[in-house]
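Student: I've got a protein to look at for class and I'd like to talk it through with someone. Can we go over it together?

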Amino acid sequence: MGGFFGVISRKNCIYDVFFGTDYHSHLGTRRAGMAFYDHDTGFQRQIHSIENTPFRTKFDADMSKFTGHSGIGCISDTDPQPLLFRSHLGTFAISTVGIINNAEELVRSFSGPGKQFMAMSSGSVNATELTAALINQKENLVEGIRYAQQTIDGSCTILLLMKDCIIAARDMLGRLPVLVGKSENGCCVSFESFAYHKLGYEDHYELGPGEIVKITESGVERLQAPGDKMRICAFLWTYYGYPNSNYEGKNVEVMRYHNGEIMARDEEKNGTMPDVDYVAGVPDSGLPHAIGYANQSHKPFARPFVKYTPTWPRSFTPANQEMRNLVAKMKQIPVPELIKDKKLLFVDDSIVRGTQLRETVEFLYSNGAKEVHMRSACPPIMYGCKYLNFSRSNSEMELLARRIIQNLEGREGQKHVDEYADSTTERGQCMLKAICEEMGFDSLGYQSLDGLLEAIGLDRDKVCTYCWTGRE
Ligand code: SF4
């Protein structure tokens, strides 16, 4: 994924950019960077790996070296950025979030004498450098950004730090949010709204899909009007958005409670709610959905196991899979009094490959649980994301639901994915039963697509649900 934060102010903005960017640390674990502009010293930039050390620790020593009234910062799950460019469009720092599926084809279109890419990372051309190269193809910035966004297959949200302004461009279908905050000293631009609220900025403007704006100390000037088609990512609410944030006016934490309530309401209605001692969430992202489920079902909420996080920051991601599994296990600490002889219902934000969930269930049984019922706060994931850098599996056949369908019916089953995704059908029921058998659940339930959209509260055609439906 990735996130960003930028400020243009009448006063020094170094610490606003530092903390604002840090508040996006949940969105990426690979690289982070900041760039500032100062009238006397010009552009300054620093990038660090945040794979094993959090953003704040990595950039702490740089802070005394930066100066400026404007700056941008990013957390990146892919390439190092922001990058600095000088072209016929001026000198600028650029940061991007998204995915370029046709990167190879675009890179090839630049081959020829005198054309080159310099910021290679992990054997590929840096996606932000490629985006800048596309922007530089045109006579002005707005045309260049439009050209880049229309040429890229995937999505691309862009922040540009110029000498006198910040240019922000939301991706064409608004898969990710871009919000502008304002204070008495200037403006900021952010992925997460809570990041600027905490720094004393108030909500000022939310960009529409494909919209491009120029941000100065005084406010926002529209350079390109938004398009009328939007497909904002539903996973912002169910999983990776921060609880305190609002996107399109809908708060993340409130959505999650409501989502859990809807699941419980629907299970009460159709008689599938089991009799349990506690409702619990798989930490951390399942917790708010579980709170909603518990509130609606009037069954006590509990935390039968808690993650030990003080010495295991999320950014600690050992390269070796065996070590990653061991770390996951070490973090999981049981509360035996809440597990032994208890009937438990766990809610997770989603079920992707199911590997970790299987271990969690084994862990609960080995600690004496009597029954373990599982609920997923979103429908069965049937397709990998092709719009954002948000892949939690390498191929569709790694997705638990698709693998189970393959086991049940082979290739024929893959033609009936819609039916399998619907638990009211015979195939849907078969899939639930097969997953319960494989994973050791006493029962399994998925939130319905209608329930999920009801919880978000936006028009259905404004939300991307491709992961579940395969429809664009
Ligand atoms: S495909 Fe899934 S993860 Fe990707 S934008 Fe759509 S809802 Fe979000």
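Predicted model: local features only at pLDDT ≥ 70, side-chain atom pairs only at ≥ 80, totals over all residues.

Student: Okay, and how far apart do the C-alpha centres of domain 1 and domain 2 lie?

Tutor: Start with the bounds: domain 1 covers 2-230 and domain 2 covers 251-469. The contact between them takes 20 residues from domain 1 and 12 residues from domain 2. As for the C-alpha centres of the two domains, they lie apart by 34 Å.

Student: Which three residues supply 40% of the area that domain 1 buries against domain 2?

Tutor: The size of an interface is often given as the accessible area lost when the parts come together. Here, domain 1 and domain 2 bury about 1,300 Å² between them, and 54% of that is on carbon and sulfur atoms. On the domain 1 side, three residues supply more than any other three, and they are Thr29, Arg175 and Met230.

Student: How many residue pairs are in polar contact between domain 1 and domain 2?

Tutor: Let's take salt bridges first: between domain 1 and domain 2 the count is zero. Polar contacts are counted separately, with N or O atoms within 3.5 Å. For those, the count between the two domains is two residue pairs.

Student: On the side of domain 1 that touches domain 2, how many residues are polar?

Tutor: Strand 6 (90-100) and strand 9 (154-161) each supply at least two residues of that side. Sorting the residues of that side gives six nonpolar and three charged, and the polar ones number 11.

Student: What kind of peptide bond joins Gln81 and Pro82?

Tutor: Pro82 sits in the loop between strand 4 (70-76) and strand 5 (83-87). Most peptide bonds are trans. For the bond joining Gln81 and Pro82, omega is about 5 degrees, and the bond is cis.

Student: And what is omega for the bond between Pro283 and Asp284?

Tutor: You'll find Asp284 in the loop between strand 19 (278-281) and helix 9 (287-297). The bond from Pro283 to Asp284 is cis, with omega about -5 degrees.

Student: Last one: how many residues apart are Arg30 and Glu51?

Tutor: The structure holds 22 salt bridges. In one of them Arg30 pairs with Glu51, with the closest N and O atoms 3.8 Å apart. Arg30 is in the loop between helix 1 (14-22) and strand 2 (31-38), while Glu51 is in the loop between strand 3 (42-49) and helix 2 (55-59). The pair links distant parts of the chain, and the separation is 21 residues.

Definitions and conventions: Residues numbered from 1 in each chain as written. Heavy atoms only, no water. Domains from an automatic or database assignment. Contact = heavy atoms within 4.5 Å. Buried area = accessible area lost by both parts, 1.4 Å probe. Salt bridge = Lys/Arg side-chain N within 4 Å of Asp/Glu carboxyl O. Polar contact = N/O pair within 3.5 Å; in protein donor to acceptor, adjacent residues only side chain to side chain. Helix = DSSP H or I, 4+ residues; strand = E, 2+ residues; numbered from the N terminus. Nonpolar A, V, L, I, M, F, W, Y, C, P; charged D, E, K, R; others polar.
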